[in-house]
Amino acid sequence: MVDPWARTAHEIGGFKLAPPQRAIESLSSRISIGVDTLHLRIWQPDEFHATIVMLHGVVSHSLWLAPIAVRLAQQGFRVVCPDRRGAGMNRQGRGDSESKEQQLNDLAQIIKQYSDAGKPHLCGACWGANYERNYLGYHADSVASISLLAPAVFPAKALRAASILVSDS
């Protein structure tokens, strides 16, 4: 019997996928943005053909993305997973950021830093997909493509009705 997925299961975005290679460990790194230093994790094979910047959800950190990042790195991608301000290895201001502009600037600086192999691909998981969508409103021309993984784009009815929301938009 012929596998109906045989033609497409081994290709993503025009890139042919190879069988999994050796294990690729994450590198812990930092990026300086103004007076602040932000932490990130990088999974990078010896040679890579493109960079993917992956954004984690609201109650998580970059290490949650490890299973996906490792597999992508095994396929020849450099995967950069920053910890958002106040999350993961960024201990200062736990769970907080001064402003939307600060978060968007952080991401702009990270993307600029890792554009050495061409425009990176941007991937957001859960709340990270919202972060990604907001970023695209200002800097859509700085990335090659986008992916939204389980995006938290429409809150549950109970959350929409809660007083924490300022408006319907």
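Helices (H or I, at least four residues) and strands (E, at least two) are taken as DSSP runs and numbered from the N terminus. On this basis the protein contains 4 helices and 8 strands, and from the N terminus on the elements follow the order β-β-β-β-β-α-β-α-β-α-β-α. The structure is a predicted model, in which local features need pLDDT of at least 70 and side-chain atom pairs count only at pLDDT 80 or more, while totals for chains, interfaces and linings use all residues. Residues are numbered from 1 along each chain as its sequence is written, and side-chain values use heavy atoms, with hydrogens and water left out.

Of the 169 residues in the protein, 40% are buried, where buried means under 20% relative accessible area, exposed over 50%, and partly exposed in between (1.4 Å probe, protein chains only). Contact is defined as heavy atoms within 4.5 Å. Among contacts between residues at least 6 apart in sequence, 64% join residues at least 24 apart.

Helix α2 comprises 14 residues (residues 100–113) and reaches 20 Å from its first C-alpha to its last, close to the 20 Å expected at 1.5 Å a residue; the expected span is 1.5 Å times one less than the number of residues. Its buried residues are Gln102, Gln103, Leu104, Asp106, Leu107, Ala108, Ile110 and Ile111. These buried residues pack against the strands β3 (26–33), β4 (36–43), β5 (50–55), β6 (77–82) and β7 (121–125), and against helix α3 (127–139).

The axes of the two helices, α2 and α3, come within 10 Å and cross at roughly 80°, axes being lines fitted to C-alpha atoms, for helices over the stretch in contact, with angles from 0 to 180 degrees between N-to-C directions. The helices α2 and α3 are therefore roughly perpendicular to each other, a term that covers angles of 65 to 115 degrees, whereas those under 35 count as roughly parallel, those over 145 as roughly antiparallel and the rest as oblique. On the α2 side, Lys100, Gln103, Leu104, Asp106, Leu107, Ala108 and Ile111 meet Trp127, Tyr131, Asn134, Tyr135, Tyr138 and His139 of α3. By class, this contact has 8 nonpolar, 3 polar and 2 charged residues (Ala, Val, Leu, Ile, Met, Phe, Trp, Tyr, Cys and Pro count as nonpolar, Asp, Glu, Lys and Arg as charged, and the others, Gly among them, as polar).

Strand β5 includes Thr51, which counts as buried at 1% relative accessibility. Thr51 touches Arg78, Val80, Tyr114, Ala117, Pro120 and His121, residues up to four places away in sequence not being counted. The side chains of Thr51 and Arg78 are joined by a polar contact of 2.8 Å, that is, a pair of N or O atoms within 3.5 Å; within protein, one must be able to donate a hydrogen and the other to accept it, and residues adjacent in sequence count only if both atoms are side-chain atoms.

Leu149 belongs to strand β8 (residues 145–149) and is partly exposed, with a relative accessible area of 30%. With residues up to four places away in sequence not counted, Leu149 touches Met54, Ile68, Cys123, Gly124, Ala125 and Cys126. The C-alpha atoms of Leu149 and Cys123 are separated by 7.3 Å, although the residues lie 26 apart along the chain.

Cys126 is located in the loop between β7 and α3. Its phi is near 55°, a positive value in a residue other than glycine, and Cys126 counts as partly exposed at 37% relative accessibility. Ala150, in the loop between β8 and α4 (157–161), has a positive phi of about 45° although it is not a glycine. At 65% relative accessibility, Ala150 counts as exposed.
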